[in-house]
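I opened my notebook for this one and wrote down what I looked up. Here are the entries.

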Amino acid sequence: MAGKVTMRKPVIIAIDDDAQVLAAVERDLRGRYGAQYRVMRSVSGMAALDALRGLKKRNDSVSLLLVDQRMPGMTGVEFLGQSMEIYPNAKRVLLTAYADTEAAIRAINDARIHHYLLKPWDPPEGHLYPVVDDLLEEWQASFRPPFEGVRVLGHRWSPGSFAVRDFLARNQVPYRWLDVETADIDGEVRQLVRAVGPEPSQLPMVLFPEGSPLSAPSLAQLAERLGLRVRADEAFYDLVIIGGGPAGLAAAVYGASEGLKTVMVEREAPGGQAGMSSRIENYLGFPSGLSGGDLARRAVAQARRFGVEILAPQEARAVRIEGPSRMVKLSDGSELGCKVLLLATGVSYRKLGVPGAERLQGCGVYYGSALTEAMAAQDEDVYIVGGANSAGQAAMYFSKYARRVVMLVRGESLSASMSQYLIDQIKQTPNIMVETRTWVSELHGEARLEAISTHCGNTGQTEKVPANSLFVFIGAEPNTDWLSAVVERDERGFILTGNDLMRDGKRPQGWPLDRDPYLPETSVPGIFAVGDVRHGSVKRVASGVGEGSIAVQFIHQYLSAV
Ligand SMILES: Cc1cc2nc3c(=O)[nH]c(=O)nc-3n(C[C@H](O)[C@H](O)[C@H](O)COP(=O)(O)OP(=O)(O)OC[C@H]3O[C@@H](n4cnc5c(N)ncnc54)[C@H](O)[C@@H]3O)c2cc1C
């Protein structure tokens, strides 16, 4: 996967249009510095500027530029002047003939040249190496090795940038975020923008340590480039699991560890809703809590160790029954067959249905805790809509970064919807304000969220306040319409299983077996449902894990009879 690369050597570039001189400089530099530095060469200033831009895109370090003054097209001084926009910290050395020394001296100020060398420099031990040794030593003293992973260049207020960052974070890919709008205060961003010269349509741009950058990539393109797996090895499995949240992951670990050939299909990133949780405090065995990201990472490692194939991002779009086989159609058009299908698709956040909400999603309005945004909200006011545990956890998390966190809660108090431990923590956190009987009525801003209108049920007043970020936690719904013709669901779309399918002691319509559906089994034998998507489930990590684990027991029973 990208991100794991060995430290690359800093670069020295020699530039001269005279092939013989260039070969000689290169030879001398490589002979002495080749072990520690990568020595490159260019035949013109333009070609060297191109090379510098390419190096910047890959985040390589450039230590020294050694350039001949007299070249057609662009002089050495001109080149060095322009190089400063991309690599201001590289040491700049000009090669001059005796006749040009005055020009070189004058250029020391303009192009801020660190040294000029007279041709010929033979022997190098006498004229070249002492100068270059000294300059490289100076460069090394202030050199900080660059970040050697994925970098994302984009606008903070762009939904595309947000989607890319959220995807990388949830897939546990370390990355550095570079906001183009900080170019005037952040040298790294400024130099990169100059090197890349991105058009607005090319943002967000994802830059990798190796190879060319991706401009405004789709998540599928990004996944492919990162080496994430989206295609299954086989066409047929014992067990196909749809959904990689806690319930799906637990079933995957138990199923594969008990010998079932298992594949898990996840449309975003393994971890599900739990992966978005900043701190789960009530999961057994972790007295000081653990982040959802950590839980997901460990569970994925465990599942892989037992041989589970994890396809992500890959969405299940349709299911059909073919005799004893259950067939799943995936978003890339391929189909997976299996003996048993387990639905663990959880729930997704309900959207805020007020004017402006749709337009501003991803540019100030976020669903789920969007942990990636916390650092960006440093010293700002953050608004949170909702009064249940997920909203409380997010408030606690953001309170560490934001100046003030304002919770907008529709109910009379938090106690009806939130665990007492969280209510206590919120009370003890001075920069969290809770506004009860208050709801959002409108969101304002064109390209990004600029203000929100809130309505207070107590005073009947509507107030418009400036706001950069609003995080929404107003409940969730199962997205199971694509399964409506396959399994029985309740009126809200949750999937019915086991006893909930029995009406007046009768089995569901079309049920072909002379036994009742098993506890987690749906109205179709061999299709099971676990976790939040199941009608009547307890919406918790531990219960999802429990359901996923026990479902495997029933799957074995089902398989032993087919
Ligand atoms: C912010 C937050 C904080 C929380 N904190 C806690 C807590 O502290 N303690 C606690 O016990 N619980 C907590 N919960 C609740 C808990 O996370 C959920 O109950 C749990 O994640 C449910 O697990 P699940 O596997 O059933 O579903 P989910 O976690 O919802 O996972 C379902 C997965 O299925 C995928 N999927 C859906 N449809 C498809 C499809 N068609 N194809 C492929 N993949 C699909 C989704 O992308 C998702 O990854 C929290 C939830 C949130 C959002």
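I started with a charge over a ring: the charged end of arginine 515 sits over the ring of tyrosine 518, 3.8 Å from its centre. For this I asked that NZ of Lys or CZ of Arg be within 6 Å of the ring centre and within 35 degrees of the ring normal. Arginine 225 does it too, with its charged end 4.2 Å from the ring centre of phenylalanine 208.

A note on what I'm looking at: this is a predicted model, where local features need pLDDT of at least 70, side-chain atom pairs count only at pLDDT 80 or more, and totals for chains, interfaces and linings use all residues. Residues are numbered from 1 along each chain as its sequence is written, and side-chain values use heavy atoms, with hydrogens and water left out.

Next, the ligand. I found 31 residues around it, with Glu266, Gln273, Tyr349, Gln393 and Asp532 coming nearest; a residue counts if one of its heavy atoms lies within 4 Å. The shell splits into twelve nonpolar, 13 polar and six charged residues, with Gly put among the polar ones and Tyr among the nonpolar.

A polar side-chain atom of glutamate 266 is 2.6 Å from a ligand oxygen. For aspartate 532, a polar backbone atom lies 2.8 Å from an oxygen atom of the ligand.

How much of the ligand does the protein bury? Taken alone the ligand exposes 990 Å², and the protein buries 95% of that (Shrake-Rupley areas, 1.4 Å probe).

Key:
Polar contact = N/O pair within 3.5 Å; in protein donor to acceptor, adjacent residues only side chain to side chain.
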